[in-house]
Amino acid sequence: RAGHRPGRGLGARTRSGGVAKAATVHSVRISSSGDGRTDDGTDVCGLDWVSANAQKPAVVNLSFGDSTGSFAVRDAINCLIGCNQISVVKSAGNDALDAYRDRANRANYEIVVGAMDPGTDTYASFSDFGSIITIFAPGVNVPVADKFNPGSGKLGRGTSFAAPYVAGVVATYVGYCAAQPPSYWCGPNAWFDKRHSTATTDQIQGLPAGTSNYLLYSPFAAF
């Protein structure tokens, strides 16, 4: 289907192919609980570490959410984008609510990703929605790695699985930019603006009112 071109995640090499296979992926742990839960203070520490240590050009994928009461996380993301010129991709959330309620989704030029079902071209009913959503990507039955079954994998579900598709496409754009003359504009808001001309529009069925109908598509060669 139109728009379902990226692959199986940001940098996957062993499944059916990642979006940006040659990308170097660095994991930054913000949870030690074993259940993936974290807190705003730890989130900010992780984001500040990236600000200080990122090897540019860089793209940050944030597959976490529910910072509803925190402007601190939003401000740390704003610093990544505005102060450090790093693109930030974030999962919208899986509560079927307006994504604007999560203050961490409100950073300027942050790429907030909702989930859709690639099998039916429909909105994933669990995905957060609303005008703050930048773009949608596959978030249902997504083949992913499984640490308990190395080599076999499993199927993932959620905006946390949709966001890495977008991060991979943004990474390919960053790779494309690196090959252009120095005068070529590739700041962190460049792809944010470009999604209007590259996304597949009006493809997703059943979107809640007020949510932009942009489905991820990459015109950039994978690397």
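Visitor: Why is Y109 called partly exposed?

Guide: In this predicted model, Y109 has a relative accessible area of 38%. Buried means under 20% and exposed over 50%, so Y109 falls in between and counts as partly exposed.

Visitor: What makes F192 count as buried?

Guide: The relative accessibility of F192 is 17%. The cut-off for buried is under 20%, so F192 is buried.

Visitor: Why is the pair of Y109 and F192 called edge-to-face?

Guide: A search of the whole structure finds 3 aromatic pairs. In the pair of Y109 and F192, the ring centres are 5.3 Å apart and the planes stand at 85°. Centres within 6.5 Å make a pair, and planes over 60 degrees apart make it edge-to-face, so both conditions hold here. This pair links distant parts of the chain: Y109 is in the loop between strand 2 and strand 3, F192 is in helix 4, and they are 83 residues apart.

Visitor: How do you know that R195 sits over the ring of F192?

Guide: The charged end of R195 is 5.1 Å from the centre of that ring. The distance cut-off is within 6 Å, together with an angle within 35 degrees of the ring normal. The charged end of R195 also sits over the ring of Y214, 4.9 Å from its centre.

Visitor: Which parts of the chain does the pair of Y123 and F136 tie together?

Guide: Y123 lies in strand 4 and F136 in strand 5, so the pair ties together parts 13 residues apart in sequence. Both Y123 and F136 are buried.

Terms used:
Residues are numbered from 1 along each chain as its sequence is written. This is a predicted model: local features need pLDDT of at least 70, side-chain atom pairs count only at pLDDT 80 or more; totals for chains, interfaces and linings use all residues. Side-chain values use heavy atoms; hydrogens and water are left out. Rings of Phe, Tyr and Trp (its six-membered ring) pair if their centres lie within 6.5 Å; planes under 30 degrees apart count as stacked, over 60 as edge-to-face and the rest as tilted. Helices (H or I, at least four residues) and strands (E, at least two) are DSSP runs, numbered from the N terminus. Buried means under 20% relative accessible area, exposed over 50%, partly exposed in between (1.4 Å probe, protein chains only).
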